[in-house]
Amino acid sequence: MTEATAAAGDTRPTKIMYVAEATAHGGREGYVTSQDGQLDLKVAMPPQLGGDGNGTNPEQLFAAGYSSCFHNALILVGNREGYDLTGSTVAAKVGIGPNKQRGYGLAVALSVSLPVLDPDLATRLVDAAHEVCPYSNATRGNIDVTILLG
């Protein structure tokens with residue numbers, strides 16, 4: 001680990017507790033399966049990228065994963081501080097587009113709803129969840145992540 005990594009906080013796991021396995025067949029015009037059989041989905045390009053949209057896509061899967069993971073981190077942080085976050089939600093929008101290196105990049109917008117908390121407390125819990133969430137830790141500094149509190 002470099003000094004810069006240590007200064008920024010090393011977010012790598014110290015122990016692997018679970019490993020998810022999935023396999024793609026046919027890229028963006030095929031299907032994806034998980035090793036345990038829980039996931040078996042048709043994948044298709046969305047119309048905005050020239051496809052027929054007759055299937056899910058990696059951006060939808062990433063949005064589902066990030067929103068559920070961030071929401072769990074938020075509930076964990078809330079519970080640690082004695083708050084019941086029943087009724088809260090997290091929605092994710094994942095955008096894809098060309099980058100300057102002739103490849104593609106992602107951008108994420110998370111919309112967090114904490115209807116029973118005052119705005120200052122909600123902001124503090126969301127900021128803490130952003131430090132706890134593995135998706136936030138994995139994407140930090142790599143893609144733009146905007147968090148909207150409403």
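Select L110 and show what lies around it. Leaving out residues up to four places away in sequence, L110 touches Y66, F70, V90, A91, A92, V145, T146, I147 and L148. Keep in mind that this is a predicted model.

Now widen the selection to the largest nonpolar core, which has 22 residues. L110 is among the residues with the most contacts inside this core, together with F70, L74, V112, L114, L117 and L125. As background, nonpolar side chains in soluble globular proteins tend to be buried together.

Next, hide everything except two helices. Select residues 58–80 for α2 and residues 119–132 for α3. Two packed helices are described by the angle between their axes and the distance between the axes. Here the axes of α2 and α3 come within 8 Å and cross at roughly 120°. The two helices are therefore oblique to each other, and the crossing of α2 and α3 is right-handed.

Show the side chains where these helices meet. On the α2 side, pick Y66, F70, A73, L74, L76, V77, G78 and R80. On the α3 side, pick L125, V126, A128, A129, H130 and V132. Sorted by class, this contact has 11 nonpolar residues, two polar ones and one charged one. F70, L74 and L125 belong to this contact and were also met among the core residues with the most contacts.

Go on to T139, which sits in helix α4 (residues 134–139). Is T139 buried or exposed? T139 has a relative accessible area of 9%, so T139 is buried. Beyond the residues up to four places away in sequence, T139 touches F62, Y66 and V145. Two of these names, Y66 and V145, were also on the list for L110.

Move to V43, in the loop between β3 (40–42) and α2. With a relative accessibility of 3%, V43 counts as buried. Then draw a distance from the C-alpha atom of V43 to that of N54. These residues are 11 apart along the chain, and the C-alpha atoms are separated by 7.6 Å.

Then find L106 in strand β5. L106 is partly exposed, with a relative accessible area of 30%. Setting aside neighbours within four places in sequence, L106 is in contact with E59, V94, G95, I96, I143 and D144.

Finally, show the whole protein chain as a cartoon. How many helices and strands are there? The chain has four helices and six strands. Trace the cartoon along the sequence and the pattern reads α-β-β-β-α-β-β-α-α-β. Along the principal axes, the C-alpha atoms fill a box of roughly 45 × 40 × 35 Å. Of the 150 residues, 29% count as buried. Among contacts with a separation of 6 or more, 46% are between residues 24 or more positions apart.

Note on methods:
Residues are numbered from 1 along each chain as its sequence is written. This is a predicted model: local features need pLDDT of at least 70, side-chain atom pairs count only at pLDDT 80 or more; totals for chains, interfaces and linings use all residues. Side-chain values use heavy atoms; hydrogens and water are left out. Axes are lines fitted to C-alpha atoms, for helices over the stretch in contact, and angles run from 0 to 180 degrees between N-to-C directions. Angles under 35 degrees count as roughly parallel, over 145 as roughly antiparallel, 65 to 115 as roughly perpendicular and the rest as oblique. A crossing is left-handed if the near helix is turned anticlockwise from the far one by less than a right angle, and right-handed if clockwise. Contact means heavy atoms within 4.5 Å. Ala, Val, Leu, Ile, Met, Phe, Trp, Tyr, Cys and Pro count as nonpolar, Asp, Glu, Lys and Arg as charged, and the others, Gly among them, as polar. A nonpolar core is a set of buried Ala, Val, Leu, Ile, Met, Phe, Trp, Tyr and Cys residues joined through side-chain atoms within 4.5 Å. Buried means under 20% relative accessible area, exposed over 50%, partly exposed in between (1.4 Å probe, protein chains only).
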